[in-house]
Amino acid sequence: MPASQDEVPARLRITVARLSRRLKPTAAAGSLTTTEVDVLGTVARLGPLKLSKLAVVAGLNPTMLSRVVAKLEEMQLLERLSDETDGRVCRVAVTAPGLTLHASVRSERTDVLSHELAQLAREDQQAIVAALPALERLAEALLERPAPQPVDLHELAKAPL
């Protein structure tokens with residue numbers, strides 16, 4: 001029986017979310033929240049970033065991002081850098097201890113996934129490998145989409161039913 005038009009995207013979304021949730025917690029991250037680990041990983045992958053760019057990439061509002069960056073800076077995992085061209089602009093960069101922690105988290109997550117993949121039937125392993133290029137293209141396409149605009153709850157409350 002063929003899947004309905006809405007069934008495949010819904011199943012894919014649920015599956016990716018479940019995989020992500022199960023891979024996020026790590027012993028290496030210690031007391032860091034998943035948001036803090038994600039911000040650290042973003043800066044480690046993309047290099048020094050302006051706070052405004054980091055907020056967009058991380059999907060956080062500036063107030064929340066400021067708190068996260070302050071905590072990571074206090075833990076000496078991130079550092080603030082002044083911009084050479086504009087002294088008003090602040091960038092954040094990962095420190096050596098931050099890189100070490102990021103590598104440990106990535107390694108732990110990769111090890112967990114490697115172990116679980118090895119438990120699957122050979123046919124399932126081959127199907128996953130075959131699907132990777134298409135999934136990578138899908139991920140890239142989603143990154144290129146503009147971020148959804150937040151709903152103004154005050155305006156929504158005023159709207160007639």
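Mentor: Helix 2 (residues 34-46) packs with helix 5 (residues 96-119) at an angle of about 110°, and their axes are 10 Å apart. This is a predicted model, where local features need pLDDT of at least 70, side-chain atom pairs count only at pLDDT 80 or more, and totals for chains, interfaces and linings use all residues. Residues are numbered from 1 along each chain as its sequence is written, and side-chain values use heavy atoms, leaving out hydrogens and water.

Trainee: What makes helix 2 roughly perpendicular to helix 5?

Mentor: Angles of 65 to 115 degrees count as roughly perpendicular, under 35 as roughly parallel, over 145 as roughly antiparallel and the rest as oblique. The angle here is about 110°, so helix 2 is roughly perpendicular to helix 5.

Trainee: Which residues in helix 2 meet helix 5?

Mentor: V37, L40, G41, A44 and R45 meet G98, L99, L101, H102, V105 and R109 in helix 5. By class, that contact has six nonpolar, three polar and two charged residues.

Trainee: Why are strand 1 and strand 2 called edge strands?

Mentor: In the open sheet of three strands, the order is 1-3-2 with antiparallel pairing. Strands pair if DSSP finds at least two bridges between them; two bridges join strand 1 to strand 3 (residues 90-94). Strand 1 (49-50) and strand 2 (78-82) each pair on one side only, so they are the edge strands.

Trainee: How do you know that L54 touches V92?

Mentor: Contact means heavy atoms within 4.5 Å. Not counting residues up to four places away in sequence, L54 touches V39, T42, V43, L49, G59, L65, V69 and V92.

Notes:
Axes are lines fitted to C-alpha atoms, for helices over the stretch in contact, and angles run from 0 to 180 degrees between N-to-C directions. Helices (H or I, at least four residues) and strands (E, at least two) are DSSP runs, numbered from the N terminus. Ala, Val, Leu, Ile, Met, Phe, Trp, Tyr, Cys and Pro count as nonpolar, Asp, Glu, Lys and Arg as charged, and the others, Gly among them, as polar.
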